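Please examine the sequence and the structure shown below before reading on.

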Amino acid sequence: MTAFDHFAIAAATLDDGAAYVTRHLGQRIGPGGGHALMGTHNRLSGLGPGEYFEVIAIDPDAPAPGRARWFDLDRRAGPPRIGNWILRTDDLDALVARFPQAGRPLEFVRGAFRWRMAVPDDGILPFDGCFPALIQWDTPAPRFSDEGLRLTGLTLRHPNAEELGPIVAELTDDSRITVETGERAIVASIDTPDGPRQIG
């Protein structure tokens, strides 16, 4: 019912997030664009067919959105980190009915791309963002040049892993995604042209 789509690195600015990616992965992140509904903007890079990651930040040139921004960006503080991960589904409404804590489906448009994503009214996903955001692409998802990056693992660490684990297992059977008990963190293991790296 779902598949891994991408993970999101929240940063104070896109430049901060891009520098963080270069330090950890030895790669420059690609271009992106804005999200008018949320007052945010991003940059993206591919992780192979159908998968990618993004750096996302509040857009200082965009008007305030009149609602809480997604990915808990209104409360974001400190250095860049993976704030969220996103699962793709072909039936967002059914999945939200099963997991209402994911939020309400909202419609997004950017250029030729159309998608819907479940966003909580307060912008905060459960388990400090370790609960996945849910997305349904209504047009083909973005495609990226292949820079040789591949996701090999995504570790979700949370103090309440015993509660989070069964939920994640019900949502996805992707063996790369694991849940551990510990201080809250999301850590991605990525194969790069220069060898395996981690970013969190």
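In this predicted model, L149 touches Q27, G46, L47, G48, F53, I190, D191, T192 and P193, leaving aside residues up to four places away in sequence. L149 itself belongs to the loop between β8 (133-137) and β9 (150-158). The relative accessible area of L149 is 3%; because buried means under 20%, L149 counts as buried. Between L149 and R197 there are 9.9 Å from C-alpha to C-alpha, although the two are 48 residues apart in sequence.

The second topic is charge. Side chains of opposite charge can pair when their charged atoms come close. The count of salt bridges in this model is 10, and the table presents examples.

| Salt bridge | N to O distance |
|---|---|
| R69 and D74 | 2.7 Å |
| R104 and D121 | 2.9 Å |
| D174 and R176 | 2.8 Å |

How are E51, D174 and R176 joined? Salt bridges that share partners bring E51, D174 and R176 into one network.

In the pair of R69 and D74, R69 is buried, with a relative accessible area of 12%, whereas D74 is partly exposed at 42%.

For the remaining pair in the table, R104 is partly exposed at 45% relative accessibility, and D121 is exposed, with a relative accessible area of 52%. The side chains of R104 and D121 meet in a salt bridge. R104 lies in strand β6 (residues 104-110) and D121 in the loop between β7 (113-119) and β8, so this pair ties together parts that are 17 residues apart in sequence.

How values were computed: Residues are numbered from 1 along each chain as its sequence is written. This is a predicted model: local features need pLDDT of at least 70, side-chain atom pairs count only at pLDDT 80 or more; totals for chains, interfaces and linings use all residues. Side-chain values use heavy atoms; hydrogens and water are left out. Helices (H or I, at least four residues) and strands (E, at least two) are DSSP runs, numbered from the N terminus. Buried means under 20% relative accessible area, exposed over 50%, partly exposed in between (1.4 Å probe, protein chains only). Contact means heavy atoms within 4.5 Å. A salt bridge is a side-chain nitrogen of Lys or Arg within 4 Å of a carboxyl oxygen of Asp or Glu.
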